[in-house]
Amino acid sequence: VIHSALCRVTLTRHRSLRKSLRDRGQLSQFWKAHRLDMVQYTQDCSLFGEANEPLINYLDVSYFGQISIGTPPQNFTVIFDTGSSNLWVPSIYCTSKACTKHARFQPSRSSTYQPLGLPISIQYGTGSLTGIVGSDQVTVSRMTVCNQPFAESVSEPGKAFQDSEFDGILGLAYPSLAVDGVTPVFDNMMAQDLVELPIFSVYMSANPDSSLGGEVLFGGFDPSRFLGTLRWVPVTVQGYWQIQLDNVQVGGTVAFCADGCQAIVDTGTSLLTAIPIFLQYVVDCSRLSSMPIVTFTINGIPYVLSAEAYTLMEQSDGMDICLSGFQGMDIAPPAGPLWILGDVFIRQYYSVFDRGNNRVGFAPAAP
């Protein structure tokens with residue numbers, strides 16, 4: 001399964017934006033600026049409009065990887081995001097405060113750059129960007145994708161991206177989700193025969209002290225990263241990596257999704273997004289052992305999350321704070337509301353994204 005054409009990209013785990021804002025005493029200001037309720041962590045759905053994904057989830061995203069664009073290479077830190085399909089980085093011509101605090105692409109310094117001149121606007125809930133589409137070679141680990149179209153942001157209004165530790169986003173969802181019909185990076189990897197298998201896989205370490213935060217493998221999967229065998233689940237709609245949930249059980253009893261519902265597997269979302277919210281945002285750390293097990297039944301197979309798995313523990317002013325890994329949100333695409341299986345789920349279950357067979361594979365992640 002691991003082939004010579006497999007490309008391994010190391011993910012580093014950074015301190016989350018939420019922790020950084022809290023340490024600087026700026027978290028409550030961020031919540032208020034984006035009209036968010038701190039207690040229940042619900043959101044004003046009128047903010048979203050045609051958004052692909054609410055940006056507030058990026059507060060907790062802490063898994064980033066490195067890519068380069070152009071000749072000679074210009075380096076960027078990106079989120080490898082299965083919840084969107086476009087590649088974008090800030091442009092040197094962007095004067096928004098968010099851009100000036102991040103690496104910016106300089107097209108005049110790349111001998112392989114081609115201007116395409118297509119205007120683009122991408123919405124991420126509370127954050128947005130506008131720019132133009134150019135084309136250049138994009139290097140991911142040792143793999144170079146030729147003639148890859150990408151967005152160069154020239155405006156990133158507001159504060160949404162200002163404090164993020166990532167420069168841009170590399171989308172790994174289906175082409176139908178790509179704004180302006182731009183060909184996604186992985187589709188070009190397949191078209192240019194850079195990967196032996198039309199598969200990529202994601203491992204995220206559950207150990208915050210591990211030197212390896214995780215990795216994305218393009219072209220196959222790594223059996224040393226999981227236990228047992230992969231269980232395959234068909235993709236139901238080829239936009240997001242969307243699958244069918246049989247039900248959701250809390251403490252062994254079906255509590256939600258009794259008649260089945262749709263979910264997406266999203267590396268760009270830190271939490272598990274549920275409709276409706278059923279766990280409080282802040283939980284008592286001393287009660288973890290008495291909190292219920294949550295089970296997602298997918299294609300007849302139970303995927304179990306303990307309270308320790310779905311709770312994020314942080315320290316603030318020397319005190320332990322436990323935050324629920326569940327978040328309530330209303331996202332209702334044409335097919336109806338979606339559950340989002342984010343990093344909380346992926347840390348426990350190694351995830352394989354198979355474009356050749358339009359399916360997702362899960363197996364318990366190796367400790």
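**Cysteines and disulfides**

Author: At 0% relative accessibility, Cys99 counts as buried, because the cut-off for that label is under 20%. Keep in mind that this is a predicted model.

Start with the partner of Cys99. A disulfide joins Cys99 to Cys94, with an S to S distance of 2.0 Å. Now the handedness. The torsion about the S-S bond of Cys94 and Cys99 is about 70°, so this disulfide is right-handed.

How many disulfides does a search of the whole structure find? The search returns 2. In general terms, a disulfide is a covalent bond between the sulfur atoms of two cysteines.

Next comes the link of Cys257 and Cys261. A disulfide joins these residues, and the S to S distance is 2.0 Å. The torsion about the S-S bond is -110° here, and the link of Cys257 and Cys261 is left-handed. Is Cys257 buried or exposed? Cys257 is buried, and Cys261 is buried as well.

Two further cysteines deserve a look for their accessibility. Cys7 has a relative accessible area of 0%, so Cys7 is buried. Cys146 has 36% relative accessibility, so Cys146 counts as partly exposed. The reason is that this label covers values between the 20% and 50% cut-offs.

To recap the geometry: the Cys94 and Cys99 disulfide is right-handed, whereas the link of Cys257 and Cys261 is left-handed.

Conventions
Residues numbered from 1 in each chain as written. Predicted model: local features only at pLDDT ≥ 70, side-chain atom pairs only at ≥ 80, totals over all residues. Heavy atoms only, no water. Disulfide = S-S within 2.5 Å. Buried < 20%, exposed > 50% of the residue type's maximum accessible area, 1.4 Å probe, protein only.
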